[in-house]
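Please consult the sequence and the structure shown here alongside the text.

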Amino acid sequence: MSADPLHTLDHAGPIVTLQSHVLQQQSLIPGATGTLSWILSSLSISAKIIANKVRCARLQDVLGEAGADNVQGEKQQKLDVISNAVLLRLLGGRDGVAIVASEENEEPVIIRKDPSGEGRYCVLFDPLDGSSNLDVCGGVGTIFSILRHDPHAADAQGSLLQPGSAQVAAGYVLYGSSTVFVLTVGHGVDMFVLDPAVGAFMLVERGLRTPAASRSYSVNEGNRRTFPEGYQKYLDWAQDSGYSSRYVGSMVADVHRILLKGGVFMYPPTKKAPAGKLRLMYEANPMAMLIEQAGGKALVAPGRRVLDVQPTDIHERTPVILGSSDEVDHVAAHLG
Ligand code: P6P
């Protein structure tokens, strides 16, 4: 029998879309104006547009490099540029967005700066994380982080440079075997899957919890020899303890597996990236909020939460250790 939405109505209760879920959550927040809901709506539309472009990329000849480097010094993929433009256009059309910051733009984009900026938000994102996996049909994703805008800040950086604990919402879209939208607004983690026949993200998991333990780690072991010693000691211990290793090389794909099945994801400092490779503001912070909301842990070092780091630059990088609470503890114990 087809898994059409009406079928699920018989077996799984009411049909809830991302749109109706967000509006329902808005109704629970006293004084909510709907501004954040409208921003989340624009991210949902962006995700549908990007998903379509990712799935038709090879057919429409938009795979491969765009011919320029981004602010990170990385080769931009054509779809990085396209996805970035989609998000800028959709968010730019939302009255509640004051500032946008993207991995693909060296400077933040000021959308609105009138002094009555009260009640507006800053949206930070990596438009297509893991895009180097596109030409081999690997999982790629969009990661987003939403902060309250400070209209009294001297400049855009002043409003953006808030610790991850200040995020009001965070999430990602995984363009994998299905298109999955994972979201938290600070009251747990909810997961939606795009039903292409309906064109809507359908709620499939409410209040996701990551397992407290799972004997699996996720790290690029090609860099192992340049990891600080404590990480090498952890890997020796994990391998002696029969742990399995899973690594896609696309943060959204790796973290989604950790969120659902547990384990620990790490990007340690390396010789090439002594401060770590992942970006704090629009990769580590949103993923850390999701993992903590799901009952896991997210650290930059033993005893230091990702969400407590006070950023000094919107593109700064950080080491990351995140996932099941027991598994993060095992890594931290070896780092001393
Ligand atoms: P490496 C993708 O380029 C990315 O930013 C993350 O999605 C991913 O976790 C990491 O880099 C992979 O880096 O050095 O293992 O290829």
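Is Tyr243 buried or exposed? Tyr243 is buried, at a relative accessible area of 11%, where buried means under 20%, exposed over 50% and partly exposed in between (1.4 Å probe, protein chains only). The model is predicted: local features need pLDDT of at least 70, side-chain atom pairs count only at pLDDT 80 or more, and totals for chains, interfaces and linings use all residues. Residues are numbered from 1 along each chain as its sequence is written, and side-chain values use heavy atoms, without hydrogens and water.

**Aromatic rings**

- The structure contains 6 aromatic pairs, a pair being rings of Phe, Tyr or Trp (its six-membered ring) with centres within 6.5 Å; planes under 30 degrees apart are stacked, over 60 edge-to-face and the rest tilted.
- Tyr234 and Trp237 make a tilted pair, at 5.8 Å centre to centre and 40° between the planes.
- Both Tyr234 and Trp237 belong to helix α6 (residues 229–240), 3 residues apart, about one turn of the helix.
- Tyr234 is buried at 0% relative accessibility, whereas Trp237 is partly exposed at 28%.
- Trp237 also pairs with Tyr243: the ring centres are 5.2 Å apart and the planes lie at 55°, so this pair is tilted.
- Tyr217, Tyr234, Trp237 and Tyr243 are linked into a cluster by ring pairs.

**Packing of α7 and α8**

- The axes of helix α7 (residues 251–261) and helix α8 (residues 280–293) come within 11 Å and cross at roughly 15°.
- α7 and α8 are therefore roughly parallel, the term for angles under 35 degrees.

Notes: Axes fitted to C-alpha atoms, helices over the stretch in contact; angles between N-to-C directions. Helix = DSSP H or I, 4+ residues; strand = E, 2+ residues; numbered from the N terminus. Parallel < 35°, antiparallel > 145°, perpendicular 65-115°, else oblique.
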